Amino acid sequence: AAMAAGVLWRRAGLARAGRALSGQEATALRAEQLAERLRAERDAERRAEPFNLHQWHFLSSQIPKDPARKRVWELAMLSKRLQQVHPNVLAKMLKQGTVYQNEEIVVINKPYGLPVHGGPGIKNCITDVLPILAKMLENMKAEPLHLCHRLDKETTGVMVLARSKEVADKIRLLFKTRQVEKIYWAISVGDPDPAEGIVEIPIVEKEVQSHQPHYKMTLAPNYRVSAEDGKVVKIRKNRNAESAVTRYRLLARSSACSLLELQPITGVKHQIRVHLAYGLGCPILGDHKYSHWSKLAPQKLPEITLKRLKLEQSKARHLPLHLHARRLSLPLGQQIDLVCKPPLFFQKTMEKLELDIDKD
C-alpha cells in the first residue's frame, strides 16, 4: 500500500509539474522529455526496491520462454545483478543466509557470483559489506566482522567470519596448520579412475602462450614417464610450485558426469579445479577456464550431458561452476561442524543429470 501511495504521489507530482508549465516553457518541454522523466522515475523505483535473488518478475520481458534457456539466462544474470544491488540489500541477503553464529564467529552460506575481495569493475564484495552485516546481526552495536578464509567468486557454501581480530587470527592459524577439515561437492564432466583416492601433485602458476595470452594454475609434477624406456623418472622440482594434496571420492555417476566429494588437505589457489581437470581428467562442470589449457573457450560437453540439461553447446558458456563448500569442521574449544546445502542451481543440475546419491 505504501509503495502504491508513493507511485501515486510521484505521478501526481508529474501532473502538477505539467499543469504549472505555460507559454514558452510548455512549448520548450516536449512530450518526449516528459516521457523521459517518467522513465527515470520508474527506474528509480526499481532501484529502490530490495532485490530478491529468487524473483525475476521485474525482468520478465527479457526472460526466454523456453525453460532450459530461461534457467541459463537466470544464472548468467546472477553475478551482474549482485553487482547492481545496494550494499545494504546485499548485507541483508547475507544475513538471511546465516547458518550459525556464537560469541566468536558468524557463518554464512556464500552465494554464487559474489567476490570476497574488491577489484577493477567490482562494486560489491563480501569484504565491503562486513561492517553493515555486523550491525544488522548485533542491532547496530557491533564491531566489523573479519574474514578468516576465502572462496572463489564462483564457489558457494560455508564461509566463516570472526567477530574480532583475535578470533580471526586464531582461525587463520587453524587453516594454515591444516586443522580445519573442509569438504566440497563438485559435479565433474567424466568419471575419475580410480573412483576414490588422493591427488598429490604440486601446482604452479604459468602464462599460457596463445592468441590470447593469460595465466593459469597448472600441475608441476615431480615425476614423468621416460620416452626411451617408459619408466617413471624423478625430475627437478619447480621452485615456484606449491605442494597440493586433494582427497576425492565418487558419490554418484550418470549422464557422463559425476558427483564428487572432495577434501583439500592443502589450500593452493584453484587446487580442486586443477587437480580434477589436469590430474584426473575430470574438469568441474561449468569450469570454462580449466577445461582447456591452450585457449579460453566454453567447456565442451558430451551429447548425453547436453541432452539431460536440455542445453545447446552454444549456450554452455553460461553454465556456472558447480563447486560447493558443503561442510567445514572447526576446532574452536569444541568441534563445530558447519553444513550448507548446495544452491538451487546445483540441486537442479543433479536432478537433471540423475546424480542420485541414494541410488549409487
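1. Going by the secondary structure, the chain has ten helices and 14 strands; helices (H or I, at least four residues) and strands (E, at least two) are DSSP runs, numbered from the N terminus. Bear in mind that this is a predicted model: local features need pLDDT of at least 70, side-chain atom pairs count only at pLDDT 80 or more, and totals for chains, interfaces and linings use all residues. Residues are numbered from 1 along each chain as its sequence is written, and side-chain values use heavy atoms, with hydrogens and water left out.

2. Of the chain's 360 residues, 42% are buried (buried means under 20% relative accessible area, exposed over 50%, partly exposed in between; 1.4 Å probe, protein chains only). Carbon and sulfur atoms hold 50% of an accessible surface of about 20,400 Å² (Shrake-Rupley method, 1.4 Å probe; for residues, only the protein chains shown count as cover).

3. Now the inside. The largest nonpolar core has 45 residues, and I108, I126, L133, L145, L262 and L276 have the most contacts inside it (a nonpolar core is a set of buried Ala, Val, Leu, Ile, Met, Phe, Trp, Tyr and Cys residues joined through side-chain atoms within 4.5 Å). Helix 6 (residues 126-137) gives the largest share, six residues. Domain 1 (62-177) and domain 2 (181-351) both contribute, so this core lies between them (the bounds come from an automatic or database domain assignment). Another core, of 20 residues, lies apart from it and includes I187, L301, L306 and L355.

4. Have a look at helix 8 (residues 271-279): seven of its nine residues are buried, so the rest of the structure largely encloses it. Those buried are Q271, I272, R273, V274, H275, L276 and A277. Neighbours within four places in sequence aside, L276 is in contact with A186, L260, L262, G281, C282, P283 and I284 (contact means heavy atoms within 4.5 Å). Just after the helix, G281 takes a positive phi of about 70°.

5. M350 sits in helix 10 (residues 344-353). With a relative accessible area of 13%, M350 counts as buried. Setting aside neighbours within four places in sequence, M350 is in contact with I187, L259 and L355.

6. Out on the surface, V225 in strand 9 (residues 223-225) is exposed, at 55% relative accessible area. Together with Y223 and V232, V225 makes a nonpolar surface patch of about 330 Å². Patch residues have over 30% relative accessible area and no salt bridge, with like charges joined within 9 Å and nonpolar side chains (Val, Leu, Ile, Met, Phe, Trp, Tyr) within 5 Å; a salt bridge is a side-chain nitrogen of Lys or Arg within 4 Å of a carboxyl oxygen of Asp or Glu.
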